[in-house]
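Visitor: Walk me through this one, please, one question at a time. I'd like the cut-offs along the way.

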Amino acid sequence: MPRVKAEPKKCIKSNLQQPPNTWVFVLKGEALEHSEQYTGTGTPDIVNLRHPSTGEAGVFLFSSANNSVQEILTFAEGKRSWLIEESVKSDGKMHLSTPIDPIFLVLPYLKKYCTTQAIPLDQLLRDDEFPQMERLLKCTGLKSLNMVADRKGDEELNAFKYNEEKTLLWLQKKTERVADILKQKKIHVINGAASATFVASSRDENVNTEAYLKHAHGIVSEYLMEDLSDKLLNNLAQPEAKHPKLEEERTLTGNALDLSKPTIKSIKQSIQTSKEKSRAKAAAGNKSITHFFKKS
């Protein structure tokens, strides 16, 4: 029997609709967890706060108890969509949350208003343009605010005065910690084709550490004002200063020199073997290999 051809099937358009006001988030677990002291039924809240680097609005996520805050980063790529249950969302953006130390958010206010005077924290964080800044008062991370400022008055007043020396030391430790994590995870931070196969040797260890510190400084500077970032970079570039008193005591005790006695220098006469004499004779008139290289 002749084969009967089947009729071509028609393409049926889907009647899936785009879900309104739907965002796709990847959240770190602590944003969804409740502390033991929290007895409410709130949910994490997305708000606009003043970004510490630009001073403009940034998107942040508070936990339900306001005891922690995370920054919202957006990964956007063209021609991408999401299929959510029976709906299609044409906006294929993905939002990621990353924890941020709330001290970074408070630091610009301290630097601007508390350089010459101490101001209570609840008054300092009153911002008409960004009223949600007051929610930072409940963040547990602000218990370490004395790392960048000096507390004035009693604990109930909770007034602070900005201390730049403390701040730079705190930022330096933060940067060094980021550099250590990058190094532990073997993140390649050196530009060029050789970075992917870069293996640190004992001779290149200092150069490698400097590269990680420079990269870590760039990461930390994303949450700093430009002048503070420059000062931090200057601190990282300076070697550790030697304490003059400690150096003086070490000189007097360990390296004491008795000027009442003549200084006797021990001189060892080198005895050359016949092989060494022949090598020295053959090398006479030859130039070092470094002679053929010039500084650019």
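Visitor: Which residue in β10 does isoleucine 119 stand opposite?
Guide: Isoleucine 119 has its opposite number in β10, and the strand β8 (residues 119-120) runs antiparallel to β10, with 2 bridges joining them. Pairing here needs DSSP to find at least two bridges between two strands, and the elements are DSSP runs numbered from the N terminus (helices H or I, at least four residues; strands E, at least two). The residue facing isoleucine 119 is phenylalanine 160.

Visitor: Before we go on, what pLDDT do side-chain atom pairs need in this predicted model?
Guide: Residues are numbered from 1 along each chain as its sequence is written, and side-chain values use heavy atoms, with hydrogens and water left out. This is a predicted model, where totals for chains, interfaces and linings use all residues and local features need pLDDT of at least 70, but side-chain atom pairs count only at pLDDT 80 or more.

Visitor: In the hairpin of β9 and β10, which residue takes a positive phi?
Guide: β9 and β10 run antiparallel and are joined by 4 bridges, with lysine 152 standing opposite alanine 159 in β10. The hairpin has 6 residues between the strands. The one with a phi near 80° is glycine 153.

Visitor: Which strands stand at the edges of the open sheet, each with a single partner strand?
Guide: The open sheet has 5 strands in mixed pairing, ordered β1-β7-β4-β3-β2. Strands of a sheet pair through backbone hydrogen bonds, either parallel or antiparallel. A strand with a single partner has one side left without a neighbour in the sheet, so the edges here are β1 (25-26) and β2.

Visitor: And which residue in β7 does valine 26 stand opposite?
Guide: β1 pairs with strand β7 (residues 94-99) in the parallel sense, over 2 bridges. Within β7, valine 26 faces leucine 96.

Visitor: Which element gives the largest share of the core?
Guide: A nonpolar core means buried Ala, Val, Leu, Ile, Met, Phe, Trp, Tyr and Cys residues joined through side-chain atoms within 4.5 Å; buried is under 20% relative accessible area, exposed over 50%, and partly exposed in between (1.4 Å probe, protein chains only). The largest one has 44 residues, and Val69, Val106, Leu110, Leu136 and Leu145 touch the most other members. Elements supplying at least two residues each include β2 (45-50), α3 (164-184) and α5 (226-237). The largest share, 7 residues, comes from α1.

Visitor: Which cysteine is valine 69 in contact with?
Guide: Contact means heavy atoms within 4.5 Å. Setting aside neighbours within four places in sequence, valine 69 has partners including Leu49, Phe60, Pro99, Ile100 and Leu136. The cysteine among them is Cys139.

Visitor: How far apart are the C-alpha atoms of leucine 213 and glutamine 172?
Guide: Leucine 213 sits in helix α4 and touches Thr175, Glu176, Ala179 and Leu236, not counting residues up to four places away in sequence. Leucine 213 and glutamine 172 are 41 residues apart along the chain, and their C-alpha atoms are separated by 9.7 Å.

Visitor: How many residues apart in sequence are the parts that arginine 50 and glutamate 129 tie together?
Guide: A salt bridge puts a side-chain nitrogen of Lys or Arg within 4 Å of a carboxyl oxygen of Asp or Glu, and the count comes to 7. Arginine 50 is partly exposed at 21%, whereas glutamate 129 is exposed at 57%. Arginine 50 lies in strand β2 and glutamate 129 in the loop between α2 and β9, so the sequence separation is 79 residues.

Visitor: Which helix does lysine 174 lie in?
Guide: Lysine 174 forms a salt bridge with aspartate 101, the closest N and O atoms being 2.9 Å apart. Aspartate 101 lies in the loop between β7 and α1, 73 residues away in sequence, and lysine 174 is in helix α3.
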